[in-house]
Amino acid sequence: MRNQDIAKIFYEIAFFLAMEEIPFKPSAYEKAALSLETLADDAEDVYKKGGIKALEEIPGVGESIAEKIAEYLKTGKIKEYENLKKEMPVDIKELSAVEGLGPRMIRDLYEGLKIKNLQDLEKAAKIGQVRNLPNFGEKTEQNILQGIEFLKRTKGRFLLGEIIPAVDEILENLKSLKEVKKISPAGSVRRMKETIGDADILITSSNPKKVIDYFVSMPGIVKIWGQGPTKASIRLEKGFDVDLRVLPENQFGSALQYFTGSKEHNIALRKIAIEKGFKLNEYGLFKGKKIIACKTEEEVYKALGLSYIEPELRENTGEIETALKNKLPKIVGYQDIKGDLHIHSNWNGGLNSIEEIAEAAQEMGYEYIGISDHTKFLIIEHGLDEKRLLQQRKEIEKLNSRFKILNSKFRILQGCEANILADGSIDIKDEALAKLDYVIAGVHSQLKMGRKEMTERIIKAMRNLNVDIISHPTGRIIQRREEYEIDFDEILKVAKETKTILEINSSLSRLDLKDINIRKAVAAGVKMAINADSHHFDYLRFLNLGISQARRGWAEKKDIINTQPLDKLLKFFK
DNA sequence: GCTATGGATAGCCTAGCATCCCAATGCTA
């Protein structure tokens, strides 16, 4: 599947064209890129079957882009892209990752100071060259330096949501080998940390050599760091490393425990082992030379006097003490979600009709969904006004009555994602909000506010009797933007008081609330909803990332409102 | 450069905000 690679090139072409201020073309390329990213079929298959004409059937792909796809499939390159890169040899991915830097500024930095990458940029900003460029100033220079600092702190790590599909693909590939008996991801991937350094995979096999040889010859590998009789390490085209270990069958449990970590969790466990006169390592739990436990993780934890600890909890943040007392919560499961409440449809720039989304949701086994399109303040997203909300209601009612006729219990709720304006008011009239099944409200503008102001702004929204859920409550973008300045404890207090639900947004770069804040919310008795915030039904499945975040935050089924069937769910809304 | 409409051409691409420079530009949702 090379769709992602082609999409990436189109995104870069769009950026280059935007740098030259060419109108319309950038968005045409972006649209085609998005379309390829979410295309179920392999573009190569499409081309082989039906040629250029078939490629043109892909939404957003016309004659010219179809030819470029074909060119890439034939030659591995797109000439126009190569030329653009030659003309403006800048690292777009790196530079545009700095918050506040867009095409024009990156062009000006290159033309004025020959800045090609982050290193050049930091050097120039530090000696005060950037401020002297036209349209730049001291303030912008400061913002750039802060942006670079922020990037550095998170360097070399990848988003969980970027890694998981690649790891799943490798796991599936390895499973096809008959020499592979047990297989599992380990490390931070298994703990579902929000960012991942590299991926670890454990396998049991009686023929390690065969497994290793197969592993290092998989497609998509750009470098083999090392390859031995029981382990190998590779780098994928996507830029991250994967380590593989092959073990004998009976060591799987202790090895999985050891390699899942975290380091801090394991250190604490080993201390307990020593206190009990044991020794714990990747080969097992030992008393002297006698093996006490090694086959399964459960066995290892039990032998140490602990209840089983789910991988998502293993960060040495109290889980070991709690497990010693057998008091760990039964955290929410990956199959517990009954419906998704934050979904955008083509009514506001999403890609699918409500009907298509409902179909996809039913296939996923959901009992209900909530359509929550943007409202009018977000003009770029074609936000709905009061009148359009009413029209949408009619469409939803029509679909619901069809479900009733078909004797299906599946239902569509109508919500919206309204905007919390700077003064805390909502951009849709209360009468219109009251007609919806529920209301999500979120901050989408004026993100840089003082702590007191921003806290008051969100609190005012929570006190609105029509607002049920606050979307992405802290506004962070992983590796890119810090949370807003807010008094989160105060937010929790008012959420509890007003029975406002806080969202766990599963969008791969948000995961907002994050684990620590979820744990605080659980402790404060504030209810949460895990939502995908998807603009295309393919992304509904990313809800798993939100569930993992909830699990890392020790949330139980009862803390999450959309684990409940429809009749009980409705009771949570004001 | 794509799509829709009508067969070659129009339309797409907004609003608020910060910053820079004092009216305009670029970024972000």
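This is a predicted model: local features need pLDDT of at least 70, side-chain atom pairs count only at pLDDT 80 or more; totals for chains, interfaces and linings use all residues.
Two strands count as paired if DSSP finds at least two bridges between them. Strand S14, residues 440–442, and strand S15, residues 469–470, are joined by two bridges and run parallel. Within that pair, Ile 440 stands opposite Ile 469 of S15.

Now the domains. The assignment for chain A lists domain 1 (3–153), domain 2 (158–247), domain 3 (257–324) and domain 4 (339–570). Take domains 2 and 4: their centres, over C-alpha atoms, are separated by 36 Å. In the contact between them, seven residues of domain 2 meet eleven residues of domain 4. On the domain 2 side, helix H10 (residues 160–175) gives the most, with three residues. By class, that side has three nonpolar, two polar and two charged residues.

Last, a helix pair. Helix H3 (residues 43–55) and helix H4 (residues 63–75) have axes that come within 10 Å and cross at roughly 140°. The two helices are therefore oblique to each other, and the crossing of H3 and H4 is left-handed. Which residues of H3 and H4 meet? From H3, they are Ala 43, Glu 44, Tyr 47, Ile 52 and Leu 55; from H4, Ala 66, Glu 67, Ile 69, Ala 70 and Leu 73. By class, this contact has eight nonpolar, two charged and no polar residues.

How values were computed: Residues are numbered from 1 along each chain as its sequence is written. Chains are lettered from A and ligands numbered from 1 in the order in which they are written. Axes are lines fitted to C-alpha atoms, for helices over the stretch in contact, and angles run from 0 to 180 degrees between N-to-C directions. Helices (H or I, at least four residues) and strands (E, at least two) are DSSP runs, numbered from the N terminus. Angles under 35 degrees count as roughly parallel, over 145 as roughly antiparallel, 65 to 115 as roughly perpendicular and the rest as oblique. A crossing is left-handed if the near helix is turned anticlockwise from the far one by less than a right angle, and right-handed if clockwise. Two residues are in contact if their C-beta atoms, placed from the backbone, lie within 7 Å. Ala, Val, Leu, Ile, Met, Phe, Trp, Tyr, Cys and Pro count as nonpolar, Asp, Glu, Lys and Arg as charged, and the others, Gly among them, as polar. Domain bounds come from an automatic or database domain assignment.
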